[in-house]
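Trainee: I am new to this structure. Please take one part and look at it closely with me.

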Amino acid sequence: MTRSTPTLLWPLLLGLLALWGFLLTRAQQDPLPPGPGKELVLAHCQACHGLELVARERLSRERWHEVLRLMRSFGLQITPEEEAAILDYLALYLGPNPPPEPAPQALAPRTGKEVYANCQGCHGPQGEGNPPAFPPLKGHVESLLRAEGGRTYLLLAVLYGLQGPIQVGGQAYNGVMPGFAWLSDEDLALLLNHLAAWGAPQGFRPYTPEEVAEARKTPLAPEEVLRRRQALRLP
């Protein structure tokens, strides 16, 4: 015999479905403009209908007042103070002539230190390294930038990674460095200039996004980057 869901469970299931629909509505993107009283609108209006319905109405203060009185007759429970705040919000921001939305605030420019957060797990917050697994960058970057071809090698190593045995400060390392080609040209230039700030030769020319973009035109494997390093005359 097929077992059926007990009749008493149906109200519970329907209640759960209603709750799920309510939570989905709350999770949708908020279409209401910011302003005093908005939180009250969110708290009291979207439980019965979507915010899109409220947001697309452009009613006068008198019409919004009538809507609120109608909602109270349907069971909306708010204090006189809450009703006044909701009415002020609706009349101002969802009226026939709402104020212009504020201009978006510009984000603070990203810094090379922020981009370097991708590297410090291996090379340390200050480029001190983590022997014997990961070589230091502070001091070594300066040696690279002083060597002929070292500027290009450093860019390629950051862009495409490095694999194979190397010597840094008289200590041997043989690990795998991943490339960061997934970063933007702007972020890679910021990162390289952050590394150079730990010690660059006089007259150092900062890396540019255009220089990074040019290097992308010739993809290299990490082993090929290693051969570029081996051709350098490093101390």
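Mentor: Start with the contacts of R151, where contact means heavy atoms within 4.5 Å. Leaving aside its neighbours within four places in sequence, R151 touches L144, L145, F204, R205, P206, Y207 and E211. This is a predicted model: local features need pLDDT of at least 70, side-chain atom pairs count only at pLDDT 80 or more, and totals for chains, interfaces and linings use all residues. Residues are numbered from 1 along each chain as its sequence is written, and side-chain values use heavy atoms, with hydrogens and water left out.

R151 sits in helix α9. Helices (H or I, at least four residues) and strands (E, at least two) are DSSP runs, numbered from the N terminus. R151 is buried, at a relative accessible area of 15%. Buried means under 20% relative accessible area, exposed over 50%, partly exposed in between (1.4 Å probe, protein chains only).

Now take E211. The side chains of R151 and E211 make a polar contact of 2.8 Å. Such a contact is a pair of N or O atoms within 3.5 Å; within protein, one must be able to donate a hydrogen and the other to accept it, and residues adjacent in sequence count only if both atoms are side-chain atoms.

E211 belongs to helix α11 (residues 209-216), where E211, V212 and A215 are buried. Down the axis of α11, its buried residues fall within an arc of 100°, so they line one face of the helix. That arc is taken from the directions from the helix axis to the C-beta atoms. The buried residues of α11 pack against α9 (150-160) and α10 (185-196).

Next, the core. A nonpolar core is a set of buried Ala, Val, Leu, Ile, Met, Phe, Trp, Tyr and Cys residues joined through side-chain atoms within 4.5 Å. The largest one has 35 residues, and L154 and L195 have the most contacts inside it. Helix α9 gives the largest share of this core, eight residues. Elements giving two or more residues to this core include α8 (140-146), α10, α11 and α12 (222-230). Leaving aside its neighbours within four places in sequence, L154 is in contact with V141, L144, L145, L192, L195 and Y207. Apart from this core lies another, of 17 residues, among them L32, L42, I86 and L87.
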